[in-house]
Amino acid sequence: MSNIVEATQEKGAKNHNKYRRDKPWDNPDIDHWSVSPWDETTGDNLPGGRLLEESSFATLFPKYREKYLREVWPLITRSLDKVKIACELNLVEGSMTVRTTRKTSDPYVILKARDLIKLLARSIPAPQALKILNDEYNCEIIKIGGLVRNKERFVKRRQRLIGPDGATLKALELLTQCYILVQGNTVSVMGTHKGIKQTRMVVLECMNNIHPVYNIKRLMIMRELEKDPKLQNESWERFLPTFKKKNVQRRKPHQLVEESKKASESAAAAGGKAAVKKKKSYTPFPPAQQPSKIDLQLESGEYFLSERQRKAKKLAEKQQASVEKTNEKRRAREREFIHPSLLKDADEGDVVEKSGEKETNEEAYDDAGADMERLVGKFAKKKRKASEEKSGDDDEDVLGLKDTKKKRKKDKKRKD
């Protein structure tokens with residue numbers, strides 16, 4: 001065993017560069033991250049001179065894009081002819097197709113053409129979508145439709161991503177150097193790989209109820225840190241803000257608070273003290289199951305009726321309810337002609353009628369009529385008495401008695 005150890009020590013450490021060859025074509029001046037365009041003049045060509053098989057991609061577009069696509073399709077055709085890609089617009093099926101030809105030399109350009117028709121289908125303008133044919137541009141279509149179940153909540157969060165007058169979206173575009181379009185259930189992004197990654201993170205977190213303003217602030221700090229060469233090899237976590245969710249109990253609306261106060265005050269006034277909530281006795285058994293809609297229909301017999309009979313029954317119930325409402329309004333109008341002293345009796349009659357008993361307000365209305373007759377007789381008697389007094393004065397004028405009385409009063413005043 002010792003001999004083996006000594007032999008290994010004599011050999012020394014392993015030479016990891018033993019099988020490594022020199023690469024004269026590789027040097028530190030070469031930027032391996034740069035994407036050079038396909039150029040046949042510089043020696044970029046396919047083995048055999050052409051592609052062996054034809055590749056094609058197709059995508060559907062919505063009906064409202066048909067008119068626009070018909071207008072810009074000549075521009076699309078000319079742009080794809082330059083890279084030797086054939087295209088087809090099918091208005092019957094509502095689809096766009098791109099395919100390689102025998103003259104196609106760039107094997108990757110068909111994937112760029114596929115991205116082009118996808119962006120056109122997602123309502124991106126043709127001049128902007130044609131930039132995807134350049135090697136500097138990449139794209140991604142982020143699906144956000146299934147991230148939020150509630151439709152109203154989804155619309156609010158999507159609008160939050162756009163911001164007031166598109167301000168939030170514009171700020172995100174400036175920070176990520178990407179073109180962003182929010183359309184329906186998708187977000188289309190065009191730009192660099194780094195910008196697309198940042199945009200995807202902001203969009204997905206916005207759909208998860210994290211406001212995009214927080215991520216925009218984070219991106220702004222990262223943009224400033226990139227300018228400092230001393231921080232290139234250090235962690236930036238100490239400079240970046242962290243936003244954590246806090247489950248803070250929400251305050252009750254003002255209206256609910258007021259209603260609860262009024263309820264407690266009314267209970268205190270009625271019972272002399274605030275009503276104490278009774279503690280329910282514990283029972284291990286679950287509550288009884290509530291009857292379903294079908295159970296209620298079986299109990300009332302409506303389940304066995306035909307559709308026509310159900311509609312007739314509902315119509316009859318509506319008519320009955322309208323008749324009751326009409327009668328109630330008529331009674332309310334008649335109450336205006338009842339004497340105030342008899343309103344209490346009339347109200348008691350209404351309560352009796354609503355409780356389902358056979359008593360009605362007819363007696364109250366009869367008493368009111370009799371009272372009105374008495375009032376009319378009283379006013380007629382007063383009127384008759386006033387007319388008699390007036391006729392007595394006229395008689396005195398005729399006999400000349402009234403003038404003599406006035407003369408006597410004037411004589412008394414002169415003597416005094």
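At the start of helix 5, a side-chain oxygen of Asn-150 comes to within 3.2 Å of the backbone nitrogen of Glu-152. Please keep in mind that this is a predicted model.

Helix 5 itself covers residues 151-162, which is 12 residues. From first C-alpha to last, helix 5 reaches 17 Å, close to the 16 Å expected at 1.5 Å a residue. After the helix comes Gly-163, which has a positive phi near 85°.

Now the sides of the helix. Which residues of helix 5 are buried? They are Phe-154, Arg-157 and Leu-161. Seen down the axis of helix 5, the buried residues fall within an arc of 70°, so they line one face.

What covers the buried residues of helix 5? The cover includes helix 6, residues 167-176, and helix 7, residues 193-207. It also includes helix 8, residues 212-225, together with strand 5 and strand 6.

Those two strands are my next stop. Strand 5, residues 179-183, and strand 6, residues 186-191, run antiparallel and are joined by 5 bridges. Tyr-179 stands opposite Met-190 in strand 6. The hairpin has 2 residues between the strands, and Gly-184 there takes a positive phi near 65°.

Is Thr-186 buried or exposed? Thr-186 counts as buried, because its relative accessibility is 10% and the cut-off for buried is under 20%. Its side chain makes a polar contact with the side chain of Arg-122, at 3.0 Å. Leaving aside residues up to four places away in sequence, Thr-186 touches Arg-122, Ile-141, Ile-142, Lys-143, Ile-144 and Leu-181.

Last, the aromatic rings. How many aromatic pairs does a search of the whole structure find? It finds 1. The pair is Tyr-303 with Phe-304, and it is edge-to-face, with 5.6 Å centre to centre and 90° between the planes. Tyr-303 counts as partly exposed, at 40% relative accessibility. Phe-304 is exposed, with a relative accessible area of 63%.

That is the end of my list.

Conventions:
Residues are numbered from 1 along each chain as its sequence is written. This is a predicted model: local features need pLDDT of at least 70, side-chain atom pairs count only at pLDDT 80 or more; totals for chains, interfaces and linings use all residues. Side-chain values use heavy atoms; hydrogens and water are left out. Two strands pair if DSSP finds at least two bridges between them. Helices (H or I, at least four residues) and strands (E, at least two) are DSSP runs, numbered from the N terminus. The expected span of a helix is 1.5 Å times one less than its number of residues. Buried means under 20% relative accessible area, exposed over 50%, partly exposed in between (1.4 Å probe, protein chains only). The arc is that of the directions from the helix axis to the C-beta atoms. Contact means heavy atoms within 4.5 Å. A polar contact is a pair of N or O atoms within 3.5 Å; within protein, one must be able to donate a hydrogen and the other to accept it, and residues adjacent in sequence count only if both atoms are side-chain atoms. Rings of Phe, Tyr and Trp (its six-membered ring) pair if their centres lie within 6.5 Å; planes under 30 degrees apart count as stacked, over 60 as edge-to-face and the rest as tilted.
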